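This briefing covers the arrangement of the domains, the contact between them and selected helical features.

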There are 2 protein chains.
Amino acid sequence: MIQWRNGAVITPDQTKLPLQEVTLEIKTVEQMAEAIKTLRVRGAPLLGAAAGFGVALAAYHSKAKTKEKLMAELETAGTIIKRQRPTAVNLFWGVDRVLKKARNSSESVEELKAAVIEEAQKIADEDAQQNRAIGKNGSVLIKDGDTILTHCNAGELATVEYGTALGIIRAAWEEGKKIKVIADETRPLLQGARLTAYELKRDGIPVTLITDNMAGYVMSKGLVNKVIVGADRVVQDAVFNKIGTYSVAVLAHEHNIPFYVAAPKSTFDLTRKAAEVEIEERNPQEVTHVGCQQTAPEGVKVMNPAFDATPLKYVSAIICESRIYYSRDFGAFRKGKV
Amino acid sequence: MIQWRNGAVITPDQTKLPLQEVTLEIKTVEQMAEAIKTLRVRGAPLLGAAAGFGVALAAYHSKAKTKEKLMAELETAGTIIKRQRPTAVNLFWGVDRVLKKARNSSESVEELKAAVIEEAQKIADEDAQQNRAIGKNGSVLIKDGDTILTHCNAGELATVEYGTALGIIRAAWEEGKKIKVIADETRPLLQGARLTAYELKRDGIPVTLITDNMAGYVMSKGLVNKVIVGADRVVQDAVFNKIGTYSVAVLAHEHNIPFYVAAPKSTFDLTRKAAEVEIEERNPQEVTHVGCQQTAPEGVKVMNPAFDATPLKYVSAIICESRIYYSRDFGAFRKGKV
């Protein structure tokens, strides 16, 4: 959920949901960087669009008189945006795509600005189309009566619209399949409780909220048929997604429950293996507190990795905008070519 | 941590830790029932002692002139205590043990009262001794340099003293083994963050706090050698413990990490199978809120089972006060005889 409006980026403040619906109006690269860092703007596909729009903000508000000066400002803007979070590849991809467009532009300053803004808008438009395509492709995997467990939020909020994992759920629901969703709350930042439960409840799709540690229990009771999650980066041998995804994948594997990953190709980074990807370590206070409420003893040592890597052996299929890759197709990922 | 003092039961209010150290002075069965229901008093072994002391409170403050009248009051007290929580067997065991003592007493009213109080104190004293024995028995499984993951709180707070799972950790530490602990925060009620982290930090045993969904991640990174948890009920085919224990057990199994259960024999209920045990479903607000802070949309559907069952196939050993039962010994559990 993101829009360009006359030199400003309009998007919900995802840290305030579900209790408050606050709309951000982001006008500078610095504001965009802060919003990305603090997860006001989050979700791999949304970060791709936000990254593009971040550079577009620099272009739109630039006072540069020469192309060289403008290009230098755009490069700086790109660097600022990229350093906010290390794991989701879409952030780098979005910045690089608009910068490449800018570098290849042989137009005037004003035309270059317009080209950058247009490219950023194109990223956003494509993401919306891709999510619809992911939804359509993935919904063939969903049967009437299925109960689907999801982790974190790969919904409308995490994307430009419709969602990836929740896009598949939405598409199946729109096709008339009577499905139910179980949402992991997703500590520490509770994107499942705050965002997934909010989106699905608002749209009338049946959702039940559980704490993360109930996933094994609901699977052991036969209450889950399928798992669908999003992805922050797909590499040759693994899928990076929100911390806890790996635990869910192992549990699904143990219970013979299909584990599906919904990811646009902008999330693919098949030049790398899992061991080469930096996992963002976030502020310990996210673990010792819930919101501003302290829950752990003062000064206790904490680990707070924001993501984990799920080896492809635990993944049943990856659904992207062009097709479904089943485990039999994963050899191509290992070779870096799909 | 519980004491009888002149007709009152003295114990910490575990819902207030770690931010406040509040001591409860419980003087009536109704106060004890409320403390058990709301988890001010929690932990299977502690519940055994609290149950005994609860009946002792009824005895101590009774104005009954006849043995029959007194016995009726004690039976009522036992019924009130037992109905507070359905899963931890020690609650039933503690009540039944003092009531049996009372029923078999042929003394005067005053002597009967004294016998009940004495039996309750005996339960508490035995628990303290048993935990030391569990610690000593279990510490042979722990090597210098081990990092041990634990879930929920099976420590001093959950018992009369020393702890079961944390008793083993304490014993290994006291023997000079340089060990570290990783504590799952244990949503929804955060006993790991609030109580385990508090106890271990206070005692100088190195502890790192994680959210529950990081357990798979830390195992995949080779950061955990062993898992030790407590138990609320051991049946013929499974161990009941805090929700999330089953997920940890499956993850440990997948990573070839030993999964140990520390449990006094008062926790054993070998007349039953897992399918026959009721799992307590608690208030949805525990999941939609953290403390008084709401984190999920208003009115969202929730599951909140307080416990899960871990089949014995995932358990490497059960450590009790008399010995260690390894998986090769579990046939005896299935026959209901150990």
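In this predicted model, the centres of domain 1 of chain A and domain 2 of chain A, taken over C-alpha atoms, are separated by 25 Å. The contact (heavy atoms within 4.5 Å) takes 31 residues from domain 1 of chain A and 32 residues from domain 2 of chain A. The domain assignment, from an automatic or database source, gives domain 1 as 3-132 and domain 2 as 137-334.

**Domain interface**
- Domain 1 and domain 2 of chain A bury about 2,700 Å² between them, 54% of it on carbon and sulfur atoms; buried area is the accessible area (1.4 Å probe) lost on putting two parts together, summed over both.
- Two salt bridges are counted between domain 1 and domain 2 of chain A, a salt bridge being a side-chain nitrogen of Lys or Arg within 4 Å of a carboxyl oxygen of Asp or Glu.
- The side chains of E280(A) and R85(A) form a salt bridge at 2.9 Å, N to O.
- On the side of domain 1 of chain A that touches domain 2 of chain A, α2 (44-61), α4 (89-103) and α5 each supply at least two residues, and α5(A) gives the most, with six residues; helices are DSSP runs (H or I, at least four residues) numbered from the N terminus.

**Helical features**
- Q129(A) lies in helix α5 (residues 109-139) of chain A and counts as exposed because its relative accessibility is 55% (exposed is over 50%, buried under 20%, 1.4 Å probe, protein chains only).
- Eight of the 10 residues of helix α6 (residues 165-174) of chain A are buried, so this helix is largely enclosed by the rest of the structure.

**Conventions**
- Residues are numbered from 1 along each chain as its sequence is written, and chains are lettered from A and ligands numbered from 1 in the order in which they are written.
- Local features need pLDDT of at least 70, side-chain atom pairs count only at pLDDT 80 or more, and totals for chains, interfaces and linings use all residues, while side-chain values use heavy atoms, with hydrogens and water left out.
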